[in-house]
Amino acid sequence: MKVPFSNSNEQIWKDVYSYSKLPSQLGLLNDIATNLWWVWHHEGAKLFGELSPKLWKTTEGNPVALLRLLSSKRIKEILADKELMLKIVYVHELFKAYINVKPDHTKPSIAYFSMEYGLTNILKIYSGGLGILAGDYLKEASDCNIDLTAVGFLYRYGYFTQSLSMEGQQIANYEAQDFTALPLTQVTTSDGAPMVLSVPFHDRTVYTHVWKVSVGRIALYLMDTDIPENSEWDRSITHQLYGGDWENRMKQEYLLGIGGILLLNKLGIKKQVYHCNEGHAALINAQRIADYIANDHLDFNEALEVVRASSLYTVHTPVPAGHDYFDEGLFGKYMGHFSSKLGITWQEFMDMGRTTPGSSEKFCMSTFALNTCQEANGVSLIHGNVSRSMFAPLWKSYFPEELHVGYVTNGVHMPTWMATEWKKYCFEKFDPEFIGDQSNKQIWEKIQNVPDSEIWDIRKALKFKLIEYIKTQYTENWLKNQGDPSKVVTILDRINPNALLFGFGRRFATYKRAHLLFTDLERLKAIVNNEKYPVQFVFTGKAHPADGGGQGLIKHIVEISRRPEFLGKIIFLENYDMRLARRLISGVDVWINTPTRPLEASGTSGEKAEMNGVLNLSVLDGWWYEGYRQNAGWALTEKRTYDNQQYQDQLDAATIYHLLEDEIIPLYFAKNTKGFSPEWVQYIKNSMSQIAPDYTMKRMLDDYFARFYNKLATRSASLTKNKFAEARKIADWKKEVAAHWDSFTVESFNYNAKSSYQPTVGDDYVIEIVINRNDLQAMLGIDMVCARENPDNHQLEFISSDPFVLKKEEGSRLYFELKRTTAEYGHLKIGYRVYPSNPLLPHRMDFAYVRWIQW
């Protein structure tokens, strides 16, 4: 028998990772790396960059990964570098001095829940504005020493990484995160084993590991279901942010709400105020009610009073379609067992998520949040008004203007988004401690007195940094998707630091109207090809993988950017993330935002631009409606001229071209002998002194305390003391009103005026109403409501509401009087509302019983 020449089985390989182990002398670096303090303190980021510039770049600015990859040679070099070792000690001392500050217990403590957090580009648990806002919020809470704990998800794949095909089509790539190489720590038990949170679902238990992200002084706890204890079906719950079907979304929101509260319970964390950042987390209140029933022996109505009094819901969407609605079948599959925990029927539970109780509507998380939170708010002045109109059907006897839904205009975390060059300059020219008082306009006003040339030098330096970043980061990608290398060379050659540079970066949803600039290509071609006044536009943004319209818009812009007349003049940068955003909002000259009115709830990218001397060109919507100042930016009116959106788009596009050609471009290029436009610099000074201070996260957080947190904490404490005596009292009062609401009668209605029911403006009149409560024990109130019908849509529009005065009480009879002078003229609608009155209620929407009376 012939002996075979070879005999080998299949190759067997196993991944083995070799990492650096830092010597004890460098242990201080681990302390800094595993706390995101370094993200907004440039001393920390700069230190890691000096340890290994190459690794800092290849790890995309990840200090944990960098420390693991340091070579033994480099470690020895660091240890031998006395200056660098002293710098490590210095930065660590700064870090510890910051971390060791104790929470400010004069302010209410907060539990905060959000589906996403944008803290740093290396922690991919965010998609866009909602997450960036939540991340900025945590950083500012840390800076302000707030006793706050946040809860969310640690996504295995996070949101997608964007690339473009040769044809300009968006490609969504989901890349798994290695949790061990991220700046977070796994929560463990006393024996060092991973802590496992058990979350009971309707037919099984879902298990999660828990990870802690230290955001300065703030703890963010993230749940992770991608563990062996779960089935494949449940491991995927925390795979993707906003991914999967509606059932996966239901599982995510169940886990965030129910699981989020169980997590805090397991950690022994209890706060004074519970804040839902959007409706995704609304089910926290279901679990909290169940806990009060089980642990404190309250009934449902009593527990609801306690939970409502400590809860805030923030809405970020301006349209009903933007909220989460679940079919009763799907919702019942996951929550059907929960009504028995609450001691109510399934129908009653479903009705808490319906605008019209008893109907067949889907369950809306936002409606449930409104019904279980005492307070609610939009995220700008306009959005507060839009939200009141959107939610008005829940309180049908009240006009939107009367609702309790308030607003806090969003802000941005200045230390994160202000370029280091500006921060150093402000420390020098303002006050070394100005970060702690960053919303003080008197401090910012000092920028009016600095030399114009210094402002211009900073702006020029930041533009150069952006251009270098683009050339460094995107050349390789462009070579892959442009097809023709000569085109890439042309793009790189045409990026002109002397050009007026416009930026547009945001989620590519169609209502953002990124297409407006391309309405008249001939006019645009003339603008970007004027050799005397060079102008360039940079676009970036992702479209949701399910948004075909948004993806088509990206493809359209990419195709235009590749035309010869626009090559290198219109540039699209793929994979918009926090790194690119920070470069872009500080490096361009003008930031463009063109949303469809009034669909921009707030928007914060323009606020970030403000922190860097970048001027805004935007529709007066969202934050810019409040922020715009003359000679500090440019605005398109907030008013619509046409109902037809296509016509409105054409008009707005023409307005933009006019502003570019006749105002913005001439102003920028009105340069003096020193090479800059003094008028342009004055716009920058006006913008930074008059606008920027009002849109910091510090101001936003202060507003939340002043408008919501303080009163929630005060009322919650009142309801819970003495074994929930006040909560029980209010619940009993509401039960009595509900049982006898139909029993009161109007015994008399007297209208005393000169001209009967046809008053003349200026006439005085008195109205007297007597009500017999009969079996009803509760006090009542009456108000006169004045409205006018809109002739265009025949809707009633609110004018005023005047409360009656209770003149006397005899037995069950109440005697009311209203003295008024006629102030309105024309065809009016007048009505009289009776409502239950109780000073222990926070507002009328808390118990919206109303009876309109005949007169």
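Start by selecting Asp-203, which is exposed at a relative accessible area of 54%. The model on screen is a predicted one.

**Stop 1: Asp-203 and its partners**

The side chains of Asp-203 and Arg-204 form a salt bridge, with 2.7 Å from N to O. Arg-204 is partly exposed, its relative accessible area being 22%.

**Stop 2: Asp-324 and Arg-249**

Move to another salt bridge, in which the side chains of Asp-324 and Arg-249 meet at 3.0 Å, N to O. This pair links distant parts of the chain, 75 residues apart. Asp-324 sits in the loop between strand S10 (311–314) and strand S11 (325–326), while Arg-249 belongs to helix H10 (residues 246–267). Are Asp-324 and Arg-249 buried or exposed? Both residues are buried.

**Stop 3: Glu-421 and Lys-465**

Select Glu-421 and Lys-465 next. They form a salt bridge in which the closest N and O atoms are 3.0 Å apart. Glu-421 is partly exposed, with a relative accessible area of 25%. Lys-465 is also partly exposed, with a value of 33%.

Salt bridges with shared partners join Asp-203, Arg-204, Asp-234 and Lys-251 into one network. How many salt bridges does a search of the whole structure find? The search gives 42.

**Stop 4: helix H24**

Select residues 548–561, which make up helix H24. This helix has 14 residues and spans 20 Å from its first C-alpha to its last, close to the 20 Å expected at 1.5 Å a residue. At the start of H24, look for Asp-547: one of its side-chain oxygens comes to within 3.2 Å of the backbone nitrogen of Gly-549.

Colour the buried residues of the helix: Gly-550, Gln-551, Leu-553, Ile-554, Ile-557, Val-558, Ile-560 and Ser-561. An α-helix has 3.6 residues a turn, so residues three or four places apart point the same way. Which elements cover the buried residues of H24? Among them are strand S3 (161–164), strand S4 (170–173), helix H23 (521–528), strand S16 (535–540) and strand S17 (570–573).

**Stop 5: Ile-78**

Go to helix H6 (residues 72–80) and pick out Ile-78. Ile-78 is buried, with a relative accessible area of 0%. Show its surroundings: apart from neighbours within four places in sequence, Ile-78 is in contact with Leu-26, Leu-51, Leu-70, Leu-84, Met-85 and Ile-88. For a distance to draw, take the C-alpha atoms of Ile-78 and Ser-52, which are separated by 9.8 Å although the residues are 26 apart along the chain.

**Stop 6: Thr-416**

Helix H18 (residues 414–417) holds Thr-416. Thr-416 counts as buried, at 4% relative accessibility. Its side chain makes a polar contact of 2.7 Å with the side chain of His-413. Not counting residues up to four places away in sequence, Thr-416 touches Trp-40, Lys-139 and Arg-582.

**Stop 7**

Tyr-647 is partly exposed, with a relative accessible area of 45%.

**Stop 8: two asparagines**

The last selections concern backbone angles. Most residues other than glycine have a negative phi. Asn-145 has a positive phi of about 60° although it is not a glycine. Find Asn-145 in the loop between helix H8 (129–143) and strand S2 (148–153).

Where is Asn-722 placed? It is in helix H30 (residues 697–740). Asn-722 also has a positive phi, of about 55°, and is not a glycine. With a relative accessible area of 61%, Asn-722 is exposed.

Key:
Residues are numbered from 1 along each chain as its sequence is written. This is a predicted model: local features need pLDDT of at least 70, side-chain atom pairs count only at pLDDT 80 or more; totals for chains, interfaces and linings use all residues. Side-chain values use heavy atoms; hydrogens and water are left out. Buried means under 20% relative accessible area, exposed over 50%, partly exposed in between (1.4 Å probe, protein chains only). Helices (H or I, at least four residues) and strands (E, at least two) are DSSP runs, numbered from the N terminus. The expected span of a helix is 1.5 Å times one less than its number of residues. Contact means heavy atoms within 4.5 Å. A polar contact is a pair of N or O atoms within 3.5 Å; within protein, one must be able to donate a hydrogen and the other to accept it, and residues adjacent in sequence count only if both atoms are side-chain atoms. A salt bridge is a side-chain nitrogen of Lys or Arg within 4 Å of a carboxyl oxygen of Asp or Glu.
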